[in-house]
Amino acid sequence: MDLDVFVSAHRAEWDRLDALLGRRRRLTGPEVDELVALYQRTATHLSLIQSSAPDPQLTGRLSQLVARARGAVTGTRRASWRDVTHFLTHGFPAAVYRTRHWWVPTALLSALIAALLGWWIGTHPEVQATIAAPAELRELTRPGGQYESYYSSHPAASFAAQVWTNNAQAAALCLVMGVFLGLPVIWILFLNMLNLGIGFGLMSGAGRLDTFLGLVLPHGLLELTAVFVAAGTGLRLGWTVIDPGPRTRRAALAEEGRAAIGMAIGIALVLFVAGAIEGFVTPSGLPTWARITIGVVAELAFLAYVYLLGGRAARAGETGDVESAERSASVPTAA
């Protein structure tokens, strides 16, 4: 594309669109039709320039012009409870369902790594000795020791809030850092599995694995699932950088990035539930079987939410992205 020729051919249309947008009086019917037509043509021009002859100054001007025109054509839109309901019943579960081929293998592989680390630590006293001194290990693993008292060391409400904040930050890091080819996500996952494996190994080595599972499973099933979903989404975002498919890399990252932002909100809500279980159920006086049952029910409810509600929404075309009217205009790309 000869950019100078293209600008000369279409400058008058852009100037006319700018003039219509600057009108203070109400536009007539023909002027409104003209504005809509110019908006559509200018959006196409912007896509062509971005894909064929990117020029920062011209792209900036046309992007601003298209954004103003879109606002004039579609009007100002405010979020409503209907949007919240749609997000919770369609957008979020569909986005999680669409990424299942990433987060399910991530969950299985991570759980295997944590189990192997736990087995290695639990069956090798010399490895345990590198983690802490014998007196410290006894204090960690004894009845009423640090592993058990950790969950009741603070008031339930403040402990739940602290746990939710920490886990939400880890999930957000997985989502955001995925764009760096997914490498930071792998490191964050490894650290989480290492911590889990250490606890597993030390408590099993002390003959108290049942106590450890009784403390971890009630909240850990849902909590770890949320982290795995975030990690899988981050890894998918990293792979999009490498292989955007038939879409341009810019369009692919924009689409997956918008969906990831929405998932961050949904995952924060899931982690809020997990934090509430960890703060109020895990340290409670309920029998171990009852606490674990609550955790299993919460996990099964989330999986049903994703696979039933999300699967149906995904098959209906829901992707978790924003509505088409709110996306940047783009030209079609061949597969």
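## Aromatic pairs and a nonpolar surface patch

The count of aromatic pairs comes to seven in this structure. The model is a predicted one.

One of these pairs is Phe200 with Phe212, in an edge-to-face arrangement. The ring centres are 6.4 Å apart, and the planes make an angle of 85°. Planes over 60 degrees apart count as edge-to-face, so 85° qualifies. Phe200 belongs to helix H10 and Phe212 to helix H11 (residues 209-242), so the contact ties together parts 12 residues apart in sequence.

How do the two partners compare in accessibility, buried or exposed? The table gives the values.

| Residue | Relative accessible area | Class |
|---|---|---|
| Phe200 | 24% | partly exposed |
| Phe212 | 7% | buried |

Phe212 is buried because its 7% falls under the 20% limit. Phe200, at 24%, lies between the 20% and 50% limits.

Other ring contacts follow. Phe87, Phe92, Phe302 and Tyr305 make up one aromatic cluster. Tyr97 has a charge over its ring: the charged end of Arg100 sits 3.9 Å from the ring centre.

Now the surface. Which residues form the nonpolar patch? They are Leu109, Leu112, Ile113, Leu116, Trp187, Phe190 and Leu191. Together they have about 670 Å² of accessible area. Helix H5 (100-122) and helix H10 (183-205) are the elements that give two or more residues to the patch. H5 supplies the largest share, four residues.

Trp187 is found in helix H10. Its relative accessibility is 53%, so Trp187 counts as exposed, the limit being over 50%.

Key. Residues numbered from 1 in each chain as written. Predicted model: local features only at pLDDT ≥ 70, side-chain atom pairs only at ≥ 80, totals over all residues. Heavy atoms only, no water. Patch = residues over 30% accessible without salt bridge, like charges linked within 9 Å, V, L, I, M, F, W, Y side chains within 5 Å. Areas by Shrake-Rupley, 256 points an atom, 1.4 Å probe, with all protein chains shown as cover. Salt bridge = Lys/Arg side-chain N within 4 Å of Asp/Glu carboxyl O. Buried < 20%, exposed > 50% of the residue type's maximum accessible area, 1.4 Å probe, protein only. Phe/Tyr/Trp six-rings, centres within 6.5 Å; stacked < 30°, edge-to-face > 60°. Lys NZ or Arg CZ within 6 Å of the ring centre and 35° of its normal.
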